[in-house]
Amino acid sequence: MIFLFWVVVALGFAGFHLLRHKEPRTRENTLEIVLMYWLMIALGLAAIVGGLYHLFDGKEIAEEIGFTRGNGGFQTEVGFGDIAVGVAGFMCRFIRNPLFWLAVLIVATISLWGDAYGHIYQWIEYDNTDVDNNGPVLYYDIIAPLVGIVLYVLMMRARRVSPAPAPSG
């Protein structure tokens, strides 16, 4: 249920921001605020907390996932990777640049959809039906980046621009 918690917190903060701040509530502005909190909390803070669990409780996390071949040492790499993605997501609160946000979305999507692939592979190849392998974590790994992508596309359409490449030189 921790995954639902991050969704509720992200949407709650976005709603509170929209109610509290007096800037014009255009479609573009609303989508930008919701996307910012989605990147910051649902993808960012959630990844930081998840990464810390992988770092400090790796063996137990590996067992909960159903990965019982080994001592969970791979959790260190997973933990630091999650924290890196999370910090980038959290920085979206302070770096309000659509190209930076797109980069964060791409990295988070590769990371989370890669995790989803791993869960599905473990499920099919090793009949790993542990709830922490093919339960809510699997759905979150697929849906969270997808929501971010949809919000980004809607925001950019509301702006009626496409992200331009950075000038070279």
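The legends below describe close-up views of a predicted model.

**View 1. The salt-bridge network of E28, E32, R96 and R159.** These four residues are linked in a network of salt bridges. A search of the whole structure finds three salt bridges.

View 2. Because E32 lies in helix α2 and R96 in the loop between α4 (74-91) and α5, the pair ties together parts that are 64 residues apart in sequence. E32 is buried, with a relative accessible area of 13%, whereas R96 is partly exposed, with a relative accessible area of 40%.

View 3. R159 lies in helix α7 and E32 in helix α2, so the pair ties together parts that are 127 residues apart in sequence. The value of 13% for the relative accessible area of E32 falls under the 20% limit, and E32 therefore counts as buried.

**View 4. The largest nonpolar core, with L39, L43 and W101.** Of the 31 residues in this core, L39, L43 and W101 touch the most other members. Helices α1 (2-20), α2 (27-56), α5 and α7 each supply at least two residues of the core. The largest share, 13 residues, comes from α2. In soluble globular proteins, nonpolar side chains tend to be buried together.

**View 5. The surroundings of L39.** Leaving aside residues up to four places away in sequence, L39 touches G44, G89, F90, C92, W101, V104 and L105. L39 and W101 are both among the residues that touch the most other members of the largest nonpolar core.

**View 6. A nonpolar patch on the surface.** The patch is formed by W113, I120, W123, I124, Y139, I142, I143, L146 and V150, which together have about 840 Å² of accessible area. Helices α5 (98-126) and α7 (136-159) are the elements that give two or more residues to the patch. The largest share, five residues, comes from α7. L146 is placed in helix α7 and is partly exposed, at 42% relative accessibility.

Notes. Residues are numbered from 1 along each chain as its sequence is written. This is a predicted model: local features need pLDDT of at least 70, side-chain atom pairs count only at pLDDT 80 or more; totals for chains, interfaces and linings use all residues. Side-chain values use heavy atoms; hydrogens and water are left out. Patches are made of residues with over 30% relative accessible area and no salt bridge: like charges are joined within 9 Å, nonpolar side chains (Val, Leu, Ile, Met, Phe, Trp, Tyr) within 5 Å. Accessible areas come from the Shrake-Rupley method with a 1.4 Å probe; for residues, only the protein chains shown count as cover. A salt bridge is a side-chain nitrogen of Lys or Arg within 4 Å of a carboxyl oxygen of Asp or Glu. Helices (H or I, at least four residues) and strands (E, at least two) are DSSP runs, numbered from the N terminus. Buried means under 20% relative accessible area, exposed over 50%, partly exposed in between (1.4 Å probe, protein chains only). A nonpolar core is a set of buried Ala, Val, Leu, Ile, Met, Phe, Trp, Tyr and Cys residues joined through side-chain atoms within 4.5 Å. Contact means heavy atoms within 4.5 Å.
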